[in-house]
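I opened my notebook to look up two things here.

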Amino acid sequence: MTFLRGNEKQQMFKRGIKRIFPVIKSCGTVVLDLILPPKCLKCASRVDVAHSICPDCWKELQFLTGNKCACCGYPFGIDATVDYSLVGETLCGVCAKGPRHFDRAISALRYDDESRDMVIGFKHNDRTEYARYFTKLLQMAGKDLIEQSDIVAPVPLHKRRLLNRRYNQSALLSARLAFDAGLKHEPELLIRTKNTPPQQGNLNKRQKNVSGAFRMKVKKDIKDKNILLIDDVYTTGATVENCARVLKKAGAGSVNILTVFRVIAPQSLK
């Protein structure tokens, strides 16, 4: 008769728990779906998978694929007479005027009439359940940026705005993305020292609004580190440009930007 030592029994118990836990979790999910059927995040119709949107709502979204600025990700119009495979890396008019402080920016979706309610709900109306779906969109759009990153951090909110809103929507996204990717998450890498008004207007005006609005909260060793900044919406790039400036000054090797939505406007309005 073989007797097991205490530590061997403990190991067997842990292995048993690991084997049965997925079964319990799966059964719990089935029961929960029967009691509370998953609904489309956008229109509330029935869907098969929780934290997702239905096919009809999905068709209304404009994914930013195809030809775009190699730096800021601004989408170019499709010209059937141009073979874009021969163009190589092309910059938009704004990025061509001078170097950005960030290295590259990518957005998953166009911000428009069809996506506005999603943004407002997530940003202002406590619709934090959007975080899981939006993170999936970030993972699909920014696979390359994620793979080359060392640290993930959110664009910060000013403490007054955070107090009113109770959460930083960008931090919800960055935390989930960092966890899924197994990357270091620094939710307070930057702090916002100026409570700037909602960003409107052209690029120059927005740059003045956010100039000096960010700083490192504490001195962290980010020398030569690849930083991935997460935000919900990229409008003109003024906010992330100033964040990147601070991080580059602190020694960051690269600063890339990944956002769920991108405001598309004529370049003259940026």
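**Notebook: cysteines, then cores**

I looked up cysteine 95 and found it buried, with a relative accessible area of 5% (buried means under 20%, exposed over 50%, partly exposed in between, with a 1.4 Å probe and protein chains only). I note that this is a predicted model, where local features need pLDDT of at least 70, side-chain atom pairs count only at pLDDT 80 or more, and totals for chains, interfaces and linings use all residues. Residues are numbered from 1 along each chain as its sequence is written, and side-chain values use heavy atoms, with hydrogens and water left out.

Cysteine 69 is buried, at 4% relative accessible area.

How many disulfides does a search of the whole structure find? I got zero (a disulfide is a pair of cysteine sulfur atoms within 2.5 Å). The sulfur of cysteine 69 has its closest cysteine sulfur in cysteine 95, 3.8 Å away, so it is too far for a bond. Cysteine 95 is in no disulfide either, and its nearest cysteine sulfur, that of cysteine 92, lies 3.7 Å away.

Next I turned to the cores. A nonpolar core is a set of buried Ala, Val, Leu, Ile, Met, Phe, Trp, Tyr and Cys residues joined through side-chain atoms within 4.5 Å. The largest one has 32 residues. Among those with the most contacts inside it are Tyr133, Phe134 and Leu228.

Leaving out residues up to four places away in sequence, leucine 228 touches Leu145, Leu177 and Leu258, among others (contact means heavy atoms within 4.5 Å). Another core, of 30 residues, lies apart from the largest one and includes Ala105 and Ile227.
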